[in-house]
Structure formats: C-alpha cells, structure tokens
Amino acid sequence: MIGTEREVIPTERICLFDGHCDTISRCFEQGGGFRRSEGHLDLERTAAFGPYAQFFAIFGDAAARPELPLWKLFQEEYTVFQREMAANSDLIVHCRTAEEADAAFRAGKRAAFLSVEGAELLDCDVEHLEEAFRLGVRAVNLTWNHANVLSGSNAEEKDRGLSQLGKEFVRRMNRLGMLVDVSHLSDPGFWDVAELCKGPFIASHSNARAVFSAPRNLTDGQFTAIIEHHGVAGLNMFADFLGDDPDYDTVISHLEHFLSLGGEKSVAIGGDWDGISRMPRGMSGIQDMAELYERLLRRNYSEALVRDVFFNNLMRVVSEVCTM
C-alpha cells in the first residue's frame, strides 16, 4: 500500500547483497572485465552501494560450446574470475564467509562470492564438487535449464526429482557448508532438497508463481518451505519471470506477495544480471536497484525491512551456512 512520500535517502547508504549474476560468463564469451562494461553490472556502478556483495556464477551451456567439456569450461571461467579479482584487488575481494566479507567492507572493498549455475559444470561429480569448494565456490544450482543426472529441471524432465546421486550431492554440500540453490530445479527436485536440508537453502533468482505463472518461479508452498528452513529467495529482474510488460511496480508486487506469506526475513535480491535479455521498463542494470530501494521507502516500508531484503537476509544465510 502506498503511504506518505518520504525524502529519498542518498544512494551511498544503500547496502546490497545480490544473489546472482552471469558476469563471469559474459567476460569469458565477450571479453572485457569487471571494472567497467556495457553489461548490466560493473564495479564502477556498484561503487554507489556500500557495503556491496555479489554472488558471481560460473555458467555455461553445453549446447552452445559442444567442443569444450563442461569441467574444462568451469576451470577456464574460474581463471577469468581469478584474473578479475587480481586486476581489481583495490575494489573487490573473493570471500568465502561472512567474516571475510566483513573484513572486505572494513577495508572499503566489495565482497565477491562464487557460485556454479548447473552442477553439470562439475560433471555432477562429488570429487569435482569438493574441488570447487576448495577453490572458493560456496553455492551451486543443482541444474540449469537442462536436466542432468542429479535431477530434472524447470524446463526438462519437469516431473523428475533428485536421483540417489543428486541426494548424495546435496548431503555433501550440507557437510561442506555450501548453499544448495534450487533456482531452475524441477518442482519434485525442490521438495527433495527441502526434505534433505535441515538448515537454509536458497532460490537465488526466482520470483512468485502466484503473481506470474512461470515454471522458474516459486509456488507459495515452496516459498513457505524456504521460510521454514530460514533460507531466502532472490527477486529476479528478468521481464519474462515478472509479468506482461513489467515495470518497477511489478517487481514490488512479487516482493509484496512474498511478504504476505511471512517472508520478511526470506526475500533478497537476485537480479540475474548479464544473464537476461529484457528487464522491467525503466531498468537497465544493477544501478537501478537504488531506484527500487527508494520506491519501497516511498511506499512507507520501513528502512529496516528494505535493508533486510537488500542485504541482511542473504548475508545471514551465508553466515549460517558458509562457515569455512
């Protein structure tokens, strides 16, 4: 409900922890780096936020690069990530825990967390999962759009849940202290994860299916399960997951639906930057999260709630799960 207009706060006071971007794969496929780009996200633009943290996803589609084995693609994109961390060490630090992120913030830097979008990039292999953990990966989507040996996805084999290997993969992630990410997973796979995970899991970039019916979005029951596990769902800025001709108000409608289910501590931001082709009207990149933040304040949402959505909720989950 729209309330009394408030004075807009300065952008530099906005804290942001975003749960998903495909900036690594953008750099791998198109060249360029993290500091300045024509994509949706770069470090110059994120200087407006403070503190700022970001999950950077390693991602690749086997159909698009059939000549490159996916484990090799993971390694090559990891090299890109390392290169960009070194080239921009004055601005950003690769972090594995919330404590390391806090240290980066105290040093006036941003915090980069690393994820993998689609366990096929790890060959769905538990030993490769452990190697990725040693390299600093702290979240893994079990599937992207393609089904794999772990599970069906939201787009392929939608009725298939976790295989026995998929269940072992989740158990190993839980023991390591890695976030299980259910964005892109089949509905049966989601419920298998919910049964296996005793603590938080995440849907890093998924909206509300009750607001807009897309299989990539979460049902009310699924979001309620995320709440019960003290996890988070990150609001995705892809227009195709928001609604017909979406705008900022459409994004807010997904947030408001999650809040109506009791999700004040379980909603985050997961923009899907550099991985989407169309955004809401008036939005062109991560810098526009400042406008979304200010619009929520103008609707008379408390600054405490908006800060939770934009930063605290996801950082809490990382602090609870990613302890090493």
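**Exercise 1.** Is asparagine 300 buried, partly exposed or exposed, judged by its relative accessibility?

*Solution.* The structure is a predicted model, and asparagine 300 is found in the loop that lies between helix H10 (289-298) and helix H11 (303-321). Residues count as buried under 20% relative accessible area and as exposed over 50%. At 44% relative accessibility, asparagine 300 therefore counts as partly exposed. Its backbone has a positive phi of about 75 degrees, although asparagine 300 is not a glycine.

**Exercise 2.** Determine how the axes of helices H7 and H8 are oriented, and identify the residues that make their contact.

*Solution.* The axes of H7 (residues 187-196) and H8 (residues 220-228) come within 11 Å and cross at roughly 20 degrees. Angles under 35 degrees count as roughly parallel, so H7 is roughly parallel to H8. The crossing of the two helices, H7 and H8, is left-handed. On the H7 side the contact is made by Asp187, Phe190 and Trp191, and on the H8 side by Gly221, Gln222, Ala225 and Ile226. These contact residues divide into 4 nonpolar, 2 polar and 1 charged.

**Exercise 3.** Work out where the buried residues of H8 lie around the helix, and what they pack against.

*Solution.* The buried residues of H8 are Gln222, Phe223, Ala225 and Ile226. Seen down the axis of H8, they fall within an arc of 155 degrees, so they line one face of the helix. The buried residues of H8 pack against H7, strand E7 (202-203), strand E8 (232-235), helix H9 (248-260) and strand E9 (267-269).

How values were computed
Residues are numbered from 1 along each chain as its sequence is written. This is a predicted model: local features need pLDDT of at least 70, side-chain atom pairs count only at pLDDT 80 or more; totals for chains, interfaces and linings use all residues. Side-chain values use heavy atoms; hydrogens and water are left out. Axes are lines fitted to C-alpha atoms, for helices over the stretch in contact, and angles run from 0 to 180 degrees between N-to-C directions. Helices (H or I, at least four residues) and strands (E, at least two) are DSSP runs, numbered from the N terminus. Angles under 35 degrees count as roughly parallel, over 145 as roughly antiparallel, 65 to 115 as roughly perpendicular and the rest as oblique. A crossing is left-handed if the near helix is turned anticlockwise from the far one by less than a right angle, and right-handed if clockwise. Contact means heavy atoms within 4.5 Å. Ala, Val, Leu, Ile, Met, Phe, Trp, Tyr, Cys and Pro count as nonpolar, Asp, Glu, Lys and Arg as charged, and the others, Gly among them, as polar. Buried means under 20% relative accessible area, exposed over 50%, partly exposed in between (1.4 Å probe, protein chains only). The arc is that of the directions from the helix axis to the C-beta atoms.
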